[in-house]
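Hi,

Here is the structure I promised to pass on.

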Amino acid sequence: MNDSSAAPATAVLDVWCELQCPDCRSALADLRALRARYGDRLELRLRHFPLEKHKHAFAAAQAAEEATEQGRSWPYVEAVLDRVEELDRKGEPFLIEVARELGLDAEEFDTALIDGRHILIVDADQAEGKAIGVTGTPTYVIGGERLDGGKSQEGLRERIEEIADRLLAEGA
């Protein structure tokens with residue numbers, strides 16, 4: 001038995017997400033189940049794909065990057081997605097409010113949204129997403145396969161698990 005704590009994740013799931021997207025909120029249960037099943041063996045990578053129809057999505061993507069800087073990426077993403085309607089109503093002040101609730105440096109969030117320090121990361125993700133055929137959110141990429149959850153999430157978690165199991169078996 002080797003020391004699994006030293007072994008890096010052997011499978012990567014890119015999650016193309018938009019924080020003002022109700023479909024992405026629906027996908028949270030699947031993401032939580034995948035984390036529970038695989039733990040550190042499956043790396044969930046947040047990739048940004050803000051849609052023009054959601055006016056606060058671009059700011060939310062930048063805020064998620066600030067949460068990543070502060071070490072709380074997924075807790076922040078989940079907290080915002082759980083309250084999509086509040087983001088719709090309140091906009092950027094809500095993003096700062098969530099940061100404060102999670103004990104993050106809310107002033108730094110405010111500054112990051114003003115100075116745009118994370119815009120390039122968001123733009124790069126969006127450009128890469130378009131280049132590989134992402135058209136909506138959530139979209140998953142694992143093992144070179146793109147799975148579109150924007151139309152239907154039916155059966156997607158099972159498909160992700162099949163691919164992850166195969167990748168992890170190959171890496172063993």
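Let's start with two helices: α3 (residues 73-81) and α5 (residues 92-101) pack at an angle of about 130°, their axes 10 Å apart. Keep in mind that this is a predicted model, where local features need pLDDT of at least 70 and side-chain atom pairs count only at pLDDT 80 or more, while totals for chains, interfaces and linings use all residues. Residues are numbered from 1 along each chain as its sequence is written, and side-chain values use heavy atoms, with hydrogens and water left out.

That angle makes α3 and α5 oblique to each other (under 35 degrees would be roughly parallel, over 145 roughly antiparallel, 65 to 115 roughly perpendicular, and the rest is oblique). Their crossing is right-handed. On the α3 side the contact (heavy atoms within 4.5 Å) is made by Tyr76, Ala79 and Val80, and on the α5 side by Phe94, Leu95, Val98 and Ala99. By class that is 7 nonpolar residues, with no polar and no charged ones.

The other thing to look at is Gln20, which sits in the loop between β1 (11-17) and α1 (22-38). Is Gln20 buried or exposed? Gln20 has a relative accessible area of 4%, so it is buried (buried means under 20%, exposed over 50%, partly exposed in between, with a 1.4 Å probe and protein chains only). Its side chain reaches the backbone nitrogen of Ala57 at 3.2 Å, and the side chains of Gln20 and Asp88 are joined by a polar contact of 2.4 Å (a pair of N or O atoms within 3.5 Å, one able to donate a hydrogen and the other to accept it).

Cheers

Notes. Axes are lines fitted to C-alpha atoms, for helices over the stretch in contact, and angles run from 0 to 180 degrees between N-to-C directions. Helices (H or I, at least four residues) and strands (E, at least two) are DSSP runs, numbered from the N terminus. A crossing is left-handed if the near helix is turned anticlockwise from the far one by less than a right angle, and right-handed if clockwise. Ala, Val, Leu, Ile, Met, Phe, Trp, Tyr, Cys and Pro count as nonpolar, Asp, Glu, Lys and Arg as charged, and the others, Gly among them, as polar.
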